[in-house]
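Reader: I would like a close look at one part of this model, followed by its wider setting. Please keep to what can be read from the coordinates.

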Amino acid sequence: MQTKDINENIAWAKINEDVLRSMENPRKGYWIAVAACIAMVMCAVLAEIYQYQVGMGPSNLNWPHMWDLYIATFVFWIGMSHSGTLLSAILHIIQADWRKPIYRFAEAMTTFSLMTAGLFPIIHLGRVWNMYWVLPYVSDRGIWPNFRSPLIWDAFAITTYLTSSALFLFIGMIPDLAICRDNARGWRQKLYTVLSLGWQGDDRQWRNFRKIYLLMACFLIPLAVSVHSIVSADFAMSIMPGWHITSFPPYFVAGALYSGCAAIITLFIILRYFFRFDEYMTIPILEKTCKLTFAIAMVWSYLTLIEFASVWYGHDMVAKESLLSRFYGPYAPFFWLMLFCGIVAPFALAIEKFRRHLPTMFVVSLVLNLGMWLERWMIVTPTLATSYYPFAFDTMWPSMVQWAIVFGSFGWFGLLFLIFVKVFPSVSMYEVKEMVFHRRHYHSADLATKFHRRASDREEAGEPSTEGAKS
Amino acid sequence: MFVSNKFLSKRRSKSVGQGKVSQRLAMFFSVLAGVFIVAAAQAEVPNAKPPVGTHSGEDVPQPIEFPHDIHADVNGINCMYCHTYARRSKVAGIPPTSKCMGCHSVIATDKPRIKKLTEYWEKKEPPQWNKVHDVPDYVHFTHEKHLKRFVFENEGMDVENVSEVCAFCHGDVKKMTVAEKVKPLNMGFCVRCHEQNDGPSDCWKCHK
Amino acid sequence: MSLKNILENWSHYRRGHEDGGHHDYEHMWGMAIDLNKCTGCNACSVACYAENNLPTVGKDRMRKGQGLHWLRMERYWDEPEMGGDEKEYQERGGSFLPMMCQHCNAATCEPVCPVAATYHTPDGLNAQVYNRCIGSRYCSNNCPYRLRYFNFYSYYEESWPEPLNMQLNPDLSVRDKGVMEKCTFCIQRIRTGKDTAQREGREVKDGDVVTACAQTCPTEAIVFGDLLDKDAQVTKLWKAQEVELGKTKQEKSNGELRGYRVLEGLNTDPCVMYMDRVREA
Amino acid sequence: MSGSDINRRDFLKFMGLGGVGAATLSGCDMPTTVTLEEGKEKVVAYLAPEEYAIPGIGVTFASTCQQCPSGCGVHGRVREGRVLKLEGNPEALNGKGLCQMGQASLQGHYNPDRITQPMARKGGALEPVSWEEAWKLMQEKASGAAKGRSAWFTGTVSGHQSVLLAALNKAWGSKDHYVYEAINNAVGEAVNESVLGDAAPAYRFDRAKAILSFGADFLGTWVSPVHFSREYASKFRSGDRGVLIQVEPKMTLTGGNADLWVAARPGTEGVVALGIANVLLSKNQVDGKGLPQAALDMISQYSVDKVTEISGVAGDTLVRIAKYLKERSPSLVLSGESAHGHANGYQNAMAAMMLNVLLGNVGKTIEASNSMVFGELKAKTGDSKAMLDFASAADAGKYDVVFFMGANPVYTAPAHLGMAEKIAKVPFKVALSMFPDETTMSADLVLPLSSPYEEWATTVSPYQPKEAAVSMSQPLMKPLSAETKSLGDILLSMLKYQGVKGYEGFDDYYAYLRSELSAMPASVKGGKGNDAFWSAAVQKGFIKAPTKSGSLKVSLGDVKQSGYQAGGDYPMHLVPSSNQAMYDGRNANLPWLQEAPDQITKIFWDSWVEIHPKTASKLGVKEGDFVRVESDQGAVEAQVYIYKGVHVDAVAVPMGRGHEEYGRYAKGNGVNPLKILSPAVDEMSGELATHATRVRISKTGRSDELPRLGGSEVQVGRRLVSTVSADVFKRTEGA
């Protein structure tokens, strides 16, 4: 049974080789995957074109269900985006170095899920062609967006988060891009030459690189938190029962990290399988991720129950009604399914046997994500179904148009990701080397594990951080 | 604009601060529209800052080449003599054919354009003019109110040169034969003028 | 203009309705609806269709909940009869409730609109500017009365086949797909009324402006007017019922007075007062 | 008086649909002129200035609503030659108010399915013809008709049109003018006539302190709803508030507003009345000396228990009603279609009237009506007997020519009458009509009528108890289609064709009307000159006419009730209910009314079957299920609406939908319950017994979401509509 995070005897050349190999001559499977994704995207595109021409009607949205899957899925994707930040920024700062082999694709995930999420608020607009009106640009008419509206805050938050996370991803890749540059031919070489910004790997560069990277990490963490808090404000700022809940910001953030980690597990397994990254994305690392996920899952579950409790013991009868309607109303089956996926399923992660079994983990991670998506849907829709005004009580089921667009969004995400893994190194070579170096430097596994705890008790150990190691 | 001056300022007349800002913005916008400064022509209208902005309208063909210049300029006929509804209604109105015939049954009857007109009159059908100054249908412009503000309730203003006020939005029609559009007539154009002559800034004044 | 307001009057603006929404309004249009007189005949609703260019959307879309009816006549059954088997029949008849935009002074729809297409006018009206609306539908989600309706299709395409379209009211625009719309208290009539008054060089007086629903109501259950006009009938009614703007709970000298505002506990501060339905026993 | 035609059309393009086009563009955001088109639209001036008309400013003209027989006065807002909106005429009987049918009548005027030119049947199908051809046909077929072999079949007609019509009939030597209204008060009128000697007495809602109504939907469809609503609200409901008790098998709009709604087994209303009388006499010490002995004997037979057993109305309810009636004097007892539409309908009405006599309401809340002096202008009110008679006459081949106008018997007649076939037996059928309804489409010659807002006419409302008025109709705008003619004009031309003396002088109906008004006595003119009088009449919208005050006798006929029979294998009663939207089906082509939810059930665009929860659970149906309502005459299928506003033994299906013709909006949505009525008539008056049909209900298995507006039917604890007791109301606001 494998206990080491990584085999410290890997030759560095091999690391380069393995990673670079993953970027070359795609196999048939890859093209099939690409084709599938494109097909999915086309579904969405067709649906959107239809909706664009006819109006919002075909999506089955109605009075009072003015929002539905679009917004739910939007929140879902925003949530997804928190994984990367978590792994690369938070874990970076607390120096959990097992993150090194897997943070790259997690960051990519962040960027791409944001790019996906950003589409939904636009798609759900009744008059898409006027969407730029939400931007505060100097108009001839001298009118401005309404800065009190959470939707405007969204617009700002998301754009900021997208830019900075993309930047973070890029900066973190520079040393690897340099490696690629040195090994690539043809257009790739040109590309990497431009992107690696003349990286030579000398001390000065490394020092600045570290600084910047650390700064970005510190900047990104509060940003990530604020973004999802703001998204939660879309609901928390309204007066609708079931939306107007104080604990929403932390609740949403927790949910975000949760779904993000689950997604990481999924992609971890996929990449490991297809790119044969067995030596980098090792079972112990997967286990650690799973433990982390489990912890977050428990936090989320706690907050979920808190939400119920606070409504239940509160005095707002209407809020109680809408809560009960979630448990017993027309959407109850999905709600219960959500509770199962979100609260019960993660316990699979607590069992080592499962954690080490890839297929199980794959399935579980998908279940968790389903749960998270359902959670968003169960926040948006039941509230609209029953709120203050009895005459407007109604049940609505989304039409194929909505499903198609939601479905397509996954294709879009997949497509971006597929392109990424072929163009950029999906495992950070230089950081893996650091990791390997560090393991090699202290020959025993338990020492290695000791170092993991060094973040907390550096002084008495008195060792220099391995983070600064030269590659 | 989701809040209007009246909604906010305690007094109907605007506070100093607002005045400053509005001037600053006015300047800012005149810089925006700095390329074309044609405002000089309308100096005669008291207590009014004419709107700035130009537009090169393509010339619209009309069934009869109506010479505004001859009527308004050479013969100095007041605009409101023909566009008689302007002071009473939202639309200025095109003179009924009978009004044209009122004069032209005797004046210049030999001219080709008048002949054409007479044909229409005898066929008992009015000519179909093409609309030159058009705004979208969710914009509800009222001639009446603007004439009130700039002409009838504007002391020092002489009704004789009402054409100067018309010129704010219709350009110097006196100098044209068939009217053509020389002002943008878009929202920016309107808003700037409302800013400077403190007209209402409530959206529902114009959009319903 | 908006930026100026944001810069200069932000605090004032934020204080919004704390003082009951009483900025110096020129008017404060409001209604008083007597549910004792209202028979639920639905004339008001149809009059509204006629006045405000409301499209008819047909059976299927209406059933889907994609219809538009700025003024909807609601009918409720008394709860005990509905719930258990206490009584065999609806012995006390139904409760009818004409529901149009309440023009809240602390409207929940206003702050959430991303492009400020809905805002409060100097007349105390809750305005919806069609050509500014981008259709995010947030306002409708945030309206506790669910009184905002959305153009899910380009309804005008089928609604007014020649020559039905000749009936369209030229004083307000025909809405296209993707915009939110709602009761405007017949803004075009308000405009006309004010213009006429101005033309005749006088103040707007009670009765100059009557909304389509109020005018057509056979039982005169709906009374419309300016709440700032001391001798307007509507003001008198509000006074008589001891209902005031800017309260979340009306404290009354006589608890038996009938006046109330729907869901006023939410501090939306609506401008429409209802008066209890009356039943013998 | 209306704007020029071109101007109107153009203006529309300019403001109406033009608006739509622009609305799709991205606002006026573009700094240049993207949204502002130059030379795309036409402006057309008037040829000569129009009096009154200033472009952009509306003018109102008075006219008369013809959407239902009550004939309310309206003001039409006209702008750029288009009539845009109707309001009630404040000076008329109906006041400023107008019901939804009146509001929607504009859509009748602008209806896309209107008949725009004459049509004649050529080889089976109706084909457009010119008026010349039409007149030629008339000459061949009609004017040649032998004496007495022609007839008119119309809805309610009044004013000078009916004068001309009478003259025309006379010229043809035919006495047969069938006036038919599917929704009528004929039985009630018969009883009034026989008891009070006044068919339409004045009902004083304003004086009544208690109203007991046996299915008279006076807020919805009964006689003159808008007028009644007005009195109901202004007097009856305010101040010293009266109590309204509604006894009926299915909740009507009036029932929905009742303080006490009582579901009686259909047809037993009379029994209930007797029961109440019984209680009044025995418990409440009302002395019955007003009543003949026969009646007293009959009453004494109906003890509370017996009544309960027959009618299913609980004993204490009867007592309660009696108590109200005794305490709240004067009271007013009414009876309407659900009580009249039975074999014993006349007795039911009589029993109700008996209560009025017993309670001494006659002279208090039921007063003698003043009748207008111009007898010939009075409204000829319709009944359904006319249709039955006509059917048999037509069947017997009595006519060569029949003119149809303002009535649609082919649609409203029960299937068992076989109306279509019988009409087919008439060699030449002429339909004067605005719309391609069933009857019109079965005619041989169709003459297009102009809409009430395009023509000159005078109307006399059937119900104007105190002061009488002749209501004017004037064109609010130019006819939409030049081919349509007003009824008056057609009649006039026909008279000329017949060479009837005295009509040559008038070149159109307008001229005729003017001369008629000029001919009115000076008293009416109030000293005005002819022109002044005319313009005053047109301006006001009506002419006050002097009246002769009438008087009431009270001679109560015998009040007897036949026992109640349970219907064997058709256990349920069918209630073909009328509502204010569809009325008798004439409004089914108005989209606004199709989309306006029914006042009680909130269902739109379709028919439904109202069932009581108990019945539903017995049948095992739930809301939205399709059920089959089957009588011995046929069956209809519609979706179920379950509520406690219908009697356990009854199902209610609204009439007015289920058209086979009548334009795009009416055609093919809903079902027509009138088709499955059993052949039964009221024994005394011979009226069609519309509510006497027995049916059985069966599931079809199909089910669908009910086209119904609104979610929850209760307020779920919110204070949306809160209710206070009348005592509180009287304490706070009582007079």
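Which residue in E28(D) is the bridge partner of D:Asp625?

Author: The model is a predicted one. In E28(D), D:Asp625 has D:Ser703 as its bridge partner. This pair belongs to a set of 5 bridges through which strand E25 of chain D, residues 625–631, pairs with strand E28 of chain D, residues 694–703, in the antiparallel sense. E25(D) is also joined to strand E26 of chain D, residues 634–642, by 6 bridges, and these two strands run antiparallel as well. The link from E25(D) to E26(D) is a hairpin through 2 residues. E25(D) is mostly covered, with 5 of its 7 residues buried. In general, strands of a sheet pair through backbone hydrogen bonds, either parallel or antiparallel.

The parallel sense is found elsewhere in chain D. There, an open sheet of 4 strands has the order E12-E11-E10-E13, with parallel pairing. Its edges are strand E12 (260–262) and strand E13 (331–335) of chain D, each of which pairs on one side only. On average, and ignoring direction, neighbouring strands of the sheet are turned by 10 degrees against each other. Strand E10 (residues 210–214) of chain D and strand E11 (residues 243–247) of chain D run parallel and are joined by 5 bridges. D:Ile211 stands opposite D:Leu244 in E11(D). Helix H11 (residues 315–327) of chain D lies across E10, E11, E12 and E13 of chain D, and runs at about 135 degrees to E12(D). The loop between H11 and E13 of chain D holds D:Pro330. The peptide bond from D:Ser329 to D:Pro330 is cis, and its omega is near 0 degrees.

D:Lys602 is found in the loop between helix H22 (591–595) and strand E24 (608–611) of chain D. With a relative accessible area of 1%, D:Lys602 is buried.

C:Glu242, a residue other than glycine, has a positive phi, near 55 degrees. C:Glu242 is in the loop between helix H11 (233–240) and strand E9 (259–260) of chain C. The relative accessible area of C:Glu242 is 25%, so this residue is partly exposed. As a general rule, most residues other than glycine have a negative phi, and most peptide bonds are trans. Chain C has a cis peptide bond too, which joins C:Glu162 and C:Pro163 with omega at about -5 degrees. C:Pro163 lies in the loop between helix H8 (156–159) and strand E7 (180–181) of chain C.

One residue of chain C leads back to chain D. C:His69 has its place in the loop between helix H4 (59–64) and strand E2 (72–76) of chain C. C:His69 is buried, with a relative accessible area of 5%. Leaving aside neighbours within four places in sequence, C:His69 is in contact with C:Tyr49, C:Met62 and C:Tyr149, and also with D:Leu709. C:His69 and C:Ala197 are 128 residues apart in sequence, and their C-alpha atoms are 30 Å apart in space.

Chain A supplies a helix pair. Helix H10 (residues 283–313) and helix H11 (residues 317–328) of chain A pack at an angle of about 135 degrees, and their axes are 8 Å apart. H10(A) and H11(A) are therefore oblique to each other. Their crossing is left-handed. On the side of H10(A), the residues in contact are A:Glu307, A:Phe308, A:Val311 and A:Trp312; on the side of H11(A) they are A:Ala319, A:Lys320, A:Leu323, A:Leu324, A:Arg326 and A:Phe327. Sorted by class, the contact of H10(A) with H11(A) has 7 nonpolar and 3 charged residues, with no polar ones.

Chain B remains. Its secondary structure comes to 10 helices and 1 strand. From the N terminus on, the elements of chain B run α-α-α-α-α-α-β-α-α-α-α. Of the 208 residues in chain B, 49% are buried. Among the contacts in chain B with a separation of 6 or more, 69% are between residues 24 or more positions apart.

Note on methods. Residues are numbered from 1 along each chain as its sequence is written. Chains are lettered from A and ligands numbered from 1 in the order in which they are written. This is a predicted model: local features need pLDDT of at least 70, side-chain atom pairs count only at pLDDT 80 or more; totals for chains, interfaces and linings use all residues. Side-chain values use heavy atoms; hydrogens and water are left out. Two strands pair if DSSP finds at least two bridges between them. Axes are lines fitted to C-alpha atoms, for helices over the stretch in contact, and angles run from 0 to 180 degrees between N-to-C directions. Contact means heavy atoms within 4.5 Å. Angles under 35 degrees count as roughly parallel, over 145 as roughly antiparallel, 65 to 115 as roughly perpendicular and the rest as oblique. A crossing is left-handed if the near helix is turned anticlockwise from the far one by less than a right angle, and right-handed if clockwise. Ala, Val, Leu, Ile, Met, Phe, Trp, Tyr, Cys and Pro count as nonpolar, Asp, Glu, Lys and Arg as charged, and the others, Gly among them, as polar. Buried means under 20% relative accessible area, exposed over 50%, partly exposed in between (1.4 Å probe, protein chains only).
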